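Subject: Structure handover

Hello,

Here is the structure I said I would pass on. My notes on what was found in it follow below.

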Amino acid sequence: MNFELSEEHRMWQRALRDFCEGEVKPYAAEVDETGKLHWDAIRKMVDIGLLGLNVPEAYGGIDMDALGIAIAMEELGRACGSTALSIAAHNGLGCAPIARWGTPEQKAAYLPRLTSGDFLGALALTEPSAGSDLAGGVQTSAVLEGDSWIIDGSKAWITNAGLAPVITVLLRTDKEAGTSGFSMMLVETSADGLTIHPPEKKMGLKGSPTQMLSFDEARVPQNAILGEQGRGFQQTMQILDSGRIGIGALSVGLAQAAFEEAVRYARQRRAFGKAIAEHQAIQWMIADAALEIDAARLLVYRAAWLKDQGKPFVKQAAMAKLMATEVAERVARNAIQIHGSYGYSREFPVERIYRDQRLMTIGEGTSEIQRLVIARRVLQEFD
Ligand SMILES: Cc1cc2nc3c(=O)[nH]c(=O)nc-3n(C[C@H](O)[C@H](O)[C@H](O)COP(=O)(O)OP(=O)(O)OC[C@H]3O[C@@H](n4cnc5c(N)ncnc54)[C@H](O)[C@@H]3O)c2cc1C
């Protein structure tokens with residue numbers, strides 16, 4: 001057992017820390033206030049590979065391992081929640097399915113554009129009446145007519161939809177076949193019959209656009225299927241299993257940022273004749289945060305390591321996501337408590353971090369769903 005990052009991973013972490021400190025963190029408040037990503041930073045991400053983390057080099061990516069991706073998400077989360085979520089969705093949801101299941105023609109058509117710094121990628125699973133229960137609730141469907149698929153339905157809460165040249169959409173190609181009737185389809189955002197609605201007005205992550213899609217007899221070519229027809233549900237589960245490591249890592253970054261702000265503030269602010277950091281109640285919050293962030297990070301790194309070793313990681317990824325997202329909430333909550341009134345002010349970053357982290361126990365599988373995944377695996381292990 002080795003708890004040290006390799007020299008390569010340490011260098012990658014240092015490079016990302018420098019990049020995020022210089023190009024991402026200084027704009028986090030502005031991104032939140034304006035509701036717009038800072039595109040200068042996103043374009044600069046091309047050079048360090050942040051836009052092609054799981055894309056092969058031939059298509060403009062750097063084909064990073066899962067641990068390296070977790071490190072990247074943690075650093076981005078520490079710098080800016082909105083940017084981190086959009087970049088996590090771009091890599092894990094937008095690029096990964098195409099890199100994994102795309103034909104050479106599909107990869108050549110989309111991956112170089114997705115890694116160019118002009119666009120971000122997106123994946124549309126959720127619908128207005130189907131989130132946790134995709135298998136039971138997804139209604140969007142495609143019917144083959146001549147050499148085109150005709151798509152009808154709607155998708156909800158799609159990150160980066162308005163920034164993407166193409167969106168991978170989960171839909172039913174056979175309504176009678178249960179989970180074997182789902183397919184993934186590549187839908188260009190210029191397709192006739194596709195409407196991308198304005199961004200939702202959200203509590204946090206305001207710079208990361210989340211949009212609804214409507215398909216009204218949208219037409220795409222027959223070869224727009226991504227991977228094997230009828231395998232869409234299994235593909236979705238595989239993408240979500242990996243995505244959970246990313247959201248866990250992002251949450252560790254958000255928790256780390258809130259923690260650093262809280263410790264800095266506690267050392268400066270004085271009450272009853274001493275720095276509040278010298279009061280035991282504040283020290284307990286600091287100690288709990290340090291402990292929980294450490295535990296969450298270890299779980300995230302373990303899940304990533306298992307994936308990199310080609311070992312089963314589904315239970316461990318669910319554990320990592322569950323732990324890290326709930327830790328982020330507790331740490332951000334206490335960071336505000338430590339700041340007193342100032343923590344409730346938009347002038348201090350902990351207010352934004354608190355709003356941003358709140359999504360993490362919901363997106364890419366709620367905490368309740370993570371518990372179901374873990375419990376099912378545990379019960380199977382006892383069979
Ligand atoms: C900012 C943001 C970005 C997003 N980005 C994307 C994206 O890019 N692509 C995409 O496809 N989706 C995206 N989503 C959607 C997100 O993944 C879903 O919201 C999430 O999966 C939960 O689904 P739901 O909202 O329909 O909740 P529901 O499934 O309706 O759940 C509601 C509540 O019931 C609970 N629940 C449901 N089933 C069970 C059960 N069996 N046992 C116990 N409790 C249960 C849930 O845990 C939750 O507490 C995004 C959402 C947000 C807010």
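**Notes on the model**

Asp63 is partly exposed, because 15 other C-beta atoms lie within 10 Å. On this scale a residue is buried if 20 or more other C-beta atoms lie within 10 Å of its own, exposed if 12 or fewer, and partly exposed in between, with C-beta atoms placed from the backbone. Asp63 has a phi near 45°, a positive value in a residue other than glycine. Asp63 is placed in the loop between helix 3 (39-48) and helix 4 (66-79). Helices (H or I, at least four residues) and strands (E, at least two) are DSSP runs, numbered from the N terminus.

A second residue with this feature is Phe272, which is not a glycine but has a positive phi of about 55°. Phe272 is in the loop between strand 9 (270-271) and strand 10 (274-275), and is exposed, with 7 other C-beta atoms within 10 Å. As background, most residues other than glycine have a negative phi.

Two points on reading the model. It is predicted, so local features need pLDDT of at least 70 and side-chain atom pairs count only at pLDDT 80 or more, while totals for chains, interfaces and linings use all residues. Residues are numbered from 1 along each chain as its sequence is written.

**Overall**

The protein has 12 helices and 10 strands. Its radius of gyration is 21 Å, close to the 21 Å that the globule rule gives for 383 residues, so the protein is as compact as a globular protein of that length. The radius is taken over C-alpha atoms, and the rule is 2.2 Å times the number of residues to the power 0.38. Along the principal axes, the C-alpha atoms fill a box of roughly 80 × 50 × 40 Å. Of the 383 residues, 53% count as buried. Among contacts with a separation of 6 or more, 73% are between residues 24 or more positions apart; a contact means that the C-beta atoms, placed from the backbone, lie within 7 Å.

**Domains**

There are three parts: domain 1 (7-114), domain 2 (122-230) and domain 3 (233-381). These bounds come from an automatic or database domain assignment. The C-alpha centres of domain 1 and domain 2 are 23 Å apart, and 21 residues of domain 1 are in contact with 17 residues of domain 2. On the domain 1 side, helix 2 (28-34), helix 5 (81-101) and helix 6 (104-114) are the elements that give two or more residues. Helix 5 gives the most, with 12 residues. That side has 9 nonpolar, 9 polar and 3 charged residues. Here Ala, Val, Leu, Ile, Met, Phe, Trp, Tyr, Cys and Pro count as nonpolar, Asp, Glu, Lys and Arg as charged, and the others, Gly among them, as polar.

Strand 4 (residues 166-172) is mostly covered, with 7 of its 7 residues buried. On one side are Val166, Thr168, Leu170 and Arg172, and on the other Ile167, Val169 and Leu171. Strand 4 pairs with strand 1 in the parallel sense over 3 bridges, where two strands pair if DSSP finds at least two bridges between them. In that pair, Leu123 stands opposite Thr168. With strand 5 (residues 182-188), strand 4 pairs in the antiparallel sense over 7 bridges, and Val169 stands opposite Met185.

Strand 2 (residues 141-145) and strand 3 (residues 148-159) are antiparallel, with 5 bridges. Leu144 has Trp149 in strand 3 as its bridge partner. Their hairpin has 2 residues between the strands, and Gly146 takes a positive phi near 65° there.

Thr159 is in strand 3 and counts as buried, with 26 C-beta neighbours inside 10 Å. Beyond its neighbours within four places in sequence, Thr159 is in contact with residues including Leu85, Ser86 and Ala89.

**The ligand**

Which residues come nearest to the ligand? Of the 24 residues around it, these are Leu125, Gly131, Ser132, Thr366 and Glu368; a residue counts as near if its C-beta atom, placed from the backbone, lies within 6 Å. Helix 5, strand 1 (122-124), strand 3 and helix 12 (367-381) each supply at least two residues of the shell. The shell has 13 nonpolar, 7 polar and 4 charged residues. Domain 2 and domain 3 both give residues to the shell, so the ligand lies between them.

Regards

Key. Two residues are in contact if their C-beta atoms, placed from the backbone, lie within 7 Å.
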